[in-house]
Amino acid sequence: MAWFHKSEVVIAGILVLAMILIGLVNPAFWSLDNMFSLLRSNVIIGIMALGVLLVMISGGIDVSFPAFAVAAMYLTIKGMLYFNYDGVVLPFVAAATMGALFGCLNAFFVYKFRMIPLIVTLGTGSMVRGFLLGVVGTSMININKMPDALIDFGKSDIISMVKPDGTTYGLTAMVAVYVVLAVALHIVLRYTMIGRGVYAMGGDPEAASRVGFNIRKITFFIYCVAGALAGFAGLLHSGMIWLANPRDFVGLELDVIAAVVLGGASIFGGRGSVLGTMLGVFMLVMVKNSLIIMKIDTTWQRVVVGVIIVIATAITAWRDRRANA
Amino acid sequence: MKRELDFRNLLNKDNNIVQLIAMTILIFVVMTALSPDKFLRYYNFESITYTFPELGLLSIAMMIAMLTGGIDLSVIGIANLSGIFAGVMFKKFATDAGVADTGFGIVLLGGVVALGTGLVAGALNGLLITRLKITPILATLGTGQVFTGLAIVMTGGPAIVGFPEAWAFIGNGKIFGLATPFVLFVVLACLIAFMLRRTTFGINLMLIGTNPKAALFAGLKREKMVLLSYMLTGVMASIAGIILSGRTNAAKSDYGTSYLLQAVLIAVLGGTNPAGGRGTVLGVSIAVAALMLLSSGFQILRFSNHLIDFIWGVFLLLVIALNAYKNRSR
């Protein structure tokens, strides 16, 4: 019965139950079309959640990543337009690098001044967003100006299907990008020294440093990777919606943190897994998207997300207490 | 002779206050030098006394939550929800003459509704934190969403416009030539300062924040104290909400969202230790005044709001660095 107590199994169970319930209210939920669009909505939140997961396992919290994502995205696209560059690989490398540099800033303040990550990331987030909107600009870059290569990349599908009425729909290839990143992070967390160090630091920083983990290196690794993932996700997002909006992602941190907590990660650190986080993201996106299908007024969305956060955190707090007792 | 000694004693005891005052004077001098004719006008300072109480009360609310090592990210949600509940009630009671002429009794009832909202919301936070043992960050992050969400549900999105005149007086009026919100702020700040310094409740809060384990062994009722502190935070937030809705004559689910970061910044800047145990109303009040001068100065210099956000962020990081540096040299 050991598998039954794994939090991933519990989350998956609740997820299946919720899916059956939503399907009963409105069978349209189970259509392939809806499933594909659900998976598509998972990609951006999911990639960002991977970064937040990393930070949370180490015992920190990050609320600056939406600002980093939007800044990396907007600056990269501005740069592409300025240099008249039309490609895919280099911009993504640039966006991820920019995100990583912003992340370094977080790591520097968290490590050097031993300040609570929440307050540091509140500050860096406000700084980066303020700089972007105040100095770089507030105008949107629309589809007619967006680099074609990015749009084509964002359009690519893995599976394409034709509906009876002739319109086509498909599963976006970005899902594959998300899965590859998730698997990579899973391998790093499970099988590399630095990955184990992240868990060790989350469990007890003092103990981790006594057994020889380099806390400075780990802190920089965590926040840089989280920043890089955010920057990458930001550019991917603009490729998928064919628009670069410097006011995007406001308030997204709440959704992403909710998803990660829902996935079983503990804010005290030391706990959390990639699989759990992916399930948590799917659950959150599904609930938000399904409110419309279930004919609930969309004004209730925020309330539902809030209640989900409270319930999920209450359950994890209860679990942590039992584990410690 | 004796007085002078006392004064020096005060300086040594709270080094932080002196630094804050020096910083305020520095900001004042720099802003005056940059645009003397516009910055020094009476009108400018008068308008500051109208806008700063909201932020000041929210910052004090944040400080109270930080005293026990917590934080309250739902203060903005509570403030808006309080204003909206009162506004919805006024609409219900409105006579044919319109909302503006609502009787004094109804306005008083509206105040009770708004304060009650803050009390209940704060109690909810406190119960989640003490009973269900949820970390304050996550609990208030969640409830903040719920409060903002309820505000959206109540209004359907757009602002509720039109509050009674007596209500608007709280945000716009004058008492003895001073802005009503400013007077209200001073009274409340003194009250809270007294509570924190001179009552068992305040001293217990400080002790719990300084060393939770020692407080437990000393027999302090930690859970009850923390619950009460979040209720107090909630009430302070709802008063900020009353002032905000009174001043703007409207209430909306997403008013003042940038206040959240600013309230955290001001609390930290004012010498509050986010890990708990340290914080003064005086420090926070001076920090609010300093930052209001700064942002009004920048507005006069025609900086965009986004750039001011940037400066707030830089400021917060600088303060963190400075505090860390100070603590090390000690």
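**Close-up 1. Helix α14 of chain B, residues 281–300, in a predicted model.** Helix α14(B) is mostly covered, with 17 of its 20 residues buried, where buried means under 20% relative accessible area, exposed over 50% and partly exposed in between, for a 1.4 Å probe and protein chains only. Because the expected span of a helix is 1.5 Å times one less than its number of residues, the 20 residues of α14(B) should span 28 Å, and the 28 Å between its end C-alpha atoms agrees with this. After α14(B) comes B:Arg302, whose phi is positive, near 65 degrees. Helices (H or I, at least four residues) and strands (E, at least two) are DSSP runs numbered from the N terminus.

**Close-up 2. The contact of helices α3 and α5 of chain A.** The axes of α3(A), residues 65–83, and α5(A), residues 117–136, come within 8 Å and cross at roughly 30 degrees; axes are lines fitted to C-alpha atoms, for helices over the stretch in contact, and angles run from 0 to 180 degrees between N-to-C directions. The two helices α3(A) and α5(A) are therefore roughly parallel to each other, given that angles under 35 degrees count as roughly parallel, over 145 as roughly antiparallel, 65 to 115 as roughly perpendicular and the rest as oblique. Residues of α3(A), including A:Phe68, A:Tyr74 and A:Lys78, meet residues of α5(A), among them A:Val128, A:Arg129 and A:Leu132, contact being defined as heavy atoms within 4.5 Å. The residues of this contact of α3(A) with α5(A) divide into 10 nonpolar, 2 polar and 2 charged, where Ala, Val, Leu, Ile, Met, Phe, Trp, Tyr, Cys and Pro count as nonpolar, Asp, Glu, Lys and Arg as charged, and the others, Gly among them, as polar.

**Close-up 3. The contact of helices α8 and α9 of chain B.** The axes of α8(B), residues 165–172, and α9(B), residues 180–198, come within 5 Å and cross at roughly 70 degrees, so α8(B) and α9(B) are roughly perpendicular to each other. B:Phe169, B:Ile170 and B:Gly171 of α8(B) make the contact with B:Thr180, B:Pro181 and B:Leu184 of α9(B).

**Close-up 4. A:Phe249, a residue other than glycine with positive phi.** A:Phe249, whose phi is near 65 degrees, lies in the loop between α10 (215–241) and α11 (252–262) of chain A, and counts as buried at 7% relative accessibility.

**Notes.** Residues are numbered from 1 along each chain as its sequence is written, and chains are lettered from A and ligands numbered from 1 in the order in which they are written. In this predicted model local features need pLDDT of at least 70, side-chain atom pairs count only at pLDDT 80 or more, and totals for chains, interfaces and linings use all residues, while side-chain values use heavy atoms, with hydrogens and water left out.
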